[in-house]
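Keep the sequence and the 3D view side by side.

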Amino acid sequence: MLEPLGLTREEQDLYESLVSRRPVAAADLSDRTSALARLVELNLVTLVDTDPPRYVVLPPDTALDVLARRRERELADARRKMVELTVRFHGSTARREPADLMEVLHGEQEIAQGMTRLLLSARNEVCGWDAPPYRDDPNQVNQLELDQLKRGVTFRVVYDRRGSVDRPGRLAALIQGIADGEQARVGDVPLKLTVSDAPMAFVPFDVRAKKHQTALLIHDPAMVAGLAALFELYWDRAVPLATYDGQPAVDRPTPEERDLLALLMSGFTDLEMAAHLGCSERTVRKHIDGMRHRLAADTRFQAGYQAVLRGWLEHRG
């Protein structure tokens with residue numbers, strides 16, 4: 001646990017053993033000279049000129065606090081250097097040749113590495129459209145997103161209603177993503193797009209391709225800003241995809257009704273909803289009619305409107 005203060009595992013083990021012991025004769029630690037020298041350098045122990053010479057541990061609350069404060073100063077200096085380098089980077093980016101402001105990525109490996117760089121570059125937010133082409137194995141990207149979410153990075157995604165949400169088993173994955181902290185909406189989007197506030201953007205080279213073959217990683221701040229603005233237009237037009245929190249209450253939808261509402265508000269047909277829910281179209285229509293009756297609505301549109309007014313589509317954690 002003391003590694004962040006600059007101690008190796010060997011040095012920490014030795015320090016912990018000395019803390020609980022009386023002054024130790026230097027001769028008894030002749031095989032630990034390297035670790036002892038480091039502890040002395042960090043002012044955690046000192047060699048007392050007695051007969052024989054002994055090593056004495058300095059009060060940990062004082063000695064370790066000094067080390068912690070030193071580390072805090074070093075981190076503050078590192079942050080200031082990071083800001084300086086960031087300013088220099090963006091200044092040099094503005095003066096780069098046009099060809100340097102966009103990378104062409106070839107093959108799945110380069111594309112995966114480019115997407116990894118983009119996700120790790122985000123300071124506050126990543127946004128994008130989820131549309132074809134899709135990776136065969138999205139686990140690496142999903143894990144990176146989860147790691148970034150834990151760091152406080154916001155993720156907003158508009159999922160393509162036909163190409164993305166309609167894929168078998170995709171609804172469960174979307175619900176899990178929302179549970180992890182992702183903000184998700186459903187709509188009709190023209191292509192795959194990912195934008196970070198680095199600024200950096202990712203788009204496929206061929207929007208009609210069925211597999212990742214070539215993609216563009218854009219560094220030009222002006223182009224990234226334009227793509228980010230375009231994302232916002234589609235985000236405003238998209239429908240939030242809500243999930244059920246599993247806690248029944250008065251005048252709140254059942255789990256089945258909430259799943260059905262999420263699909264209904266996303267524009268799914270009865271046949272598509274039946275396929276996702278694993279039931280018949282007749283059962284879907286029966287559940288919808290039951291919701292309309294509960295919501296005193298004559299039409300599905302009115303039912304959706306009443307559901308929004310009553311907070312049935314809001315996520316409650």
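What follows covers strand pairing first, then salt bridges.

This is a predicted model, in which local features need pLDDT of at least 70, side-chain atom pairs count only at pLDDT 80 or more, and totals for chains, interfaces and linings use all residues. Residues are numbered from 1 along each chain as its sequence is written, and side-chain values use heavy atoms, with hydrogens and water left out.

Start with the strands. Strands (E, at least two residues) and helices (H or I, at least four) are DSSP runs, numbered from the N terminus. Two strands pair if DSSP finds at least two bridges between them. Strand β3 covers residues 54–57 and pairs with β1, residues 24–25. The sense is antiparallel, and there are two bridges. Look at Val 24: Tyr 55 of β3 stands opposite.

Strand β3 also joins β2, residues 45–48. These two run antiparallel as well, through four bridges. Within this pairing, Val 45 has Val 57 of β3 as its bridge partner. Five residues lie between β2 and β3, and the two strands form a hairpin.

Now turn to the charges. A salt bridge here is a side-chain nitrogen of Lys or Arg within 4 Å of a carboxyl oxygen of Asp or Glu. The structure holds eleven of them. Exposure is also given below: buried means under 20% relative accessible area, exposed over 50%, partly exposed in between (1.4 Å probe, protein chains only).

Helix α1 spans residues 9–19 and contains both Arg 9 and Asp 13. They sit four residues apart, about one turn of the helix. Their salt bridge has its closest N and O atoms 3.6 Å apart. Asp 13 has a relative accessible area of 38%, so it counts as partly exposed. Arg 9 is partly exposed too, at 45%.

Helix α2, residues 33–41, holds Arg 38 and Glu 41, three residues apart, about one turn of the helix. This pair forms a salt bridge with a closest N and O separation of 3.2 Å. How exposed are the two partners? Arg 38 is partly exposed, with 23% relative accessible area. Glu 41 is exposed, at 53%.

Move on to helix α11, residues 281–294. Asp 289 and Arg 292 lie there, three residues apart, again about one turn of the helix. Their side chains meet in a salt bridge of 3.1 Å, N to O. Asp 289 is partly exposed because its relative accessibility is 42%.

Finally, find Glu 125, Arg 156 and Glu 232. A network of salt bridges links these three residues, Glu 125, Arg 156 and Glu 232.
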